[in-house]
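I went from the whole chain down to single residues.

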Amino acid sequence: MNIIYIEPYYSGSHKRWIDSYKKHSIHNIKILHLPGNKWKWRMHGGAITLANQFLELNQKIDLILCSDFLNLPVFKSICNQQIKNIPIVMYFHENQLSYPWSPEDQDIKLKRDLHYHYINYTSSLVSDLNLFNSNYHLDSYIKSVYKYLKKMPDFNNFKSIEKIKNKSSVLYIGCELEKFKEYKIDKKNKKPLILWNHRWEFDKNPELFFQTLFKLKIEGFDFDLAILGE
């Protein structure tokens, strides 16, 4: 099967996921992408740039796979003649409705932070299938869409939520663990090892993590700690 992957934000976990999938898949996967920076502009203008790249392709396509950073309605409208009946699957690494915003982002104070919600919402509405990386992510997205539409003055289109829900499912992120085989932990070890394997940024909430560890330490629990980061 020939798969085209559309990625406006080719960096970090987005890049790692599709690169690994391409490496291990039995399918022929071609990646169209833009650099992983300027995320707001990628969500607005990325669809136009990537649509032009898509229109230049000269090959049979069986499936279009894209990430949640793509403004799918815009992309689909530009490439309508070429897409025709090709199914489109959107993979949600995160979403702008339930994703925590940086407290330093000026858009929140200026009350102009909801348009990115609309891009995710309409994209999940026009796709053929939506995949989320966890059950929690899927559930929080559906609930957040309802809260978002509830803010609108009229014609809230609540029925669209059920349509999105009925074509959404969970596909967990794969992990390449081969290189860790030599570091297997002795299962007889009675002291638990706690691992922090996230970026040190606001959306991962490292403060709460370490507050919890301090509390465990004060209460006398013994543990080992491994701290990782980008």
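This is a predicted model: local features need pLDDT of at least 70, side-chain atom pairs count only at pLDDT 80 or more; totals for chains, interfaces and linings use all residues.

**Entry 1: the whole protein**

Six strands form an open sheet with parallel pairing, and the order reads 2-1-3-4-5-6. Which strands stand at the edges? They are strand 2 (28-35) and strand 6 (168-170); each has a single partner strand, so one side of each is left without a neighbour in the sheet. Neighbouring strands here are turned by 20° against each other on average, with direction ignored.

**Entry 2: strand 1 and its partners**

I stayed with strand 1 (residues 2-10) for a while. Seven of its nine residues are buried, so I noted it as mostly covered. Strand 1 pairs with strand 2 in the parallel sense over seven bridges, and four bridges join strand 1 to strand 3 (residues 63-67), again parallel.

Isoleucine 6 was a handy place to look both ways. On the strand 2 side its bridge partner is leucine 32, and in strand 3 it stands opposite cysteine 66. Helix 1 (residues 12-24) lies across strand 1, strand 2, strand 3 and strand 4 (88-92), and runs at about 160° to strand 1.

**Entry 3: cysteines**

How many disulfides does the structure hold? I found zero.

**Entry 4: helix 9**

I checked the length of helix 9 (residues 206-218). At 1.5 Å a residue, its 13 residues should span 18 Å, and the end C-alpha atoms are 18 Å apart, which agrees.

Which residues of helix 9 are buried? They are Pro206, Phe209, Phe210 and Leu213. Looking down the helix axis, I saw that the buried residues fall within an arc of 85°, so they line one face of helix 9. I reminded myself of the general rule: an α-helix has 3.6 residues a turn, so residues three or four places apart point the same way.

On the other side of helix 9, Glu207, Gln211, Lys215 and Ile218 are exposed. I then asked what covers the buried residues; the cover includes strand 7 (193-196) and strand 8 (224-227). Glycine 220 follows helix 9, and its phi is positive, near 90°.

**Entry 5: positive phi without glycine**

Last, I looked at the loop between helix 7 (135-150) and helix 8 (159-166), where phenylalanine 155 sits. Phenylalanine 155 has a positive phi of about 45° although it is not a glycine. Is phenylalanine 155 buried or exposed? Its relative accessibility is 72%, and exposed means over 50%, so phenylalanine 155 counts as exposed.

Asparagine 157 lies in the loop between helix 7 and helix 8 as well. Its phi is near 60°, a positive value in a residue other than glycine.

Definitions and conventions: Residues are numbered from 1 along each chain as its sequence is written. Side-chain values use heavy atoms; hydrogens and water are left out. Helices (H or I, at least four residues) and strands (E, at least two) are DSSP runs, numbered from the N terminus. Buried means under 20% relative accessible area, exposed over 50%, partly exposed in between (1.4 Å probe, protein chains only). The expected span of a helix is 1.5 Å times one less than its number of residues. The arc is that of the directions from the helix axis to the C-beta atoms. Contact means heavy atoms within 4.5 Å. Two strands pair if DSSP finds at least two bridges between them. Axes are lines fitted to C-alpha atoms, for helices over the stretch in contact, and angles run from 0 to 180 degrees between N-to-C directions. A disulfide is a pair of cysteine sulfur atoms within 2.5 Å.
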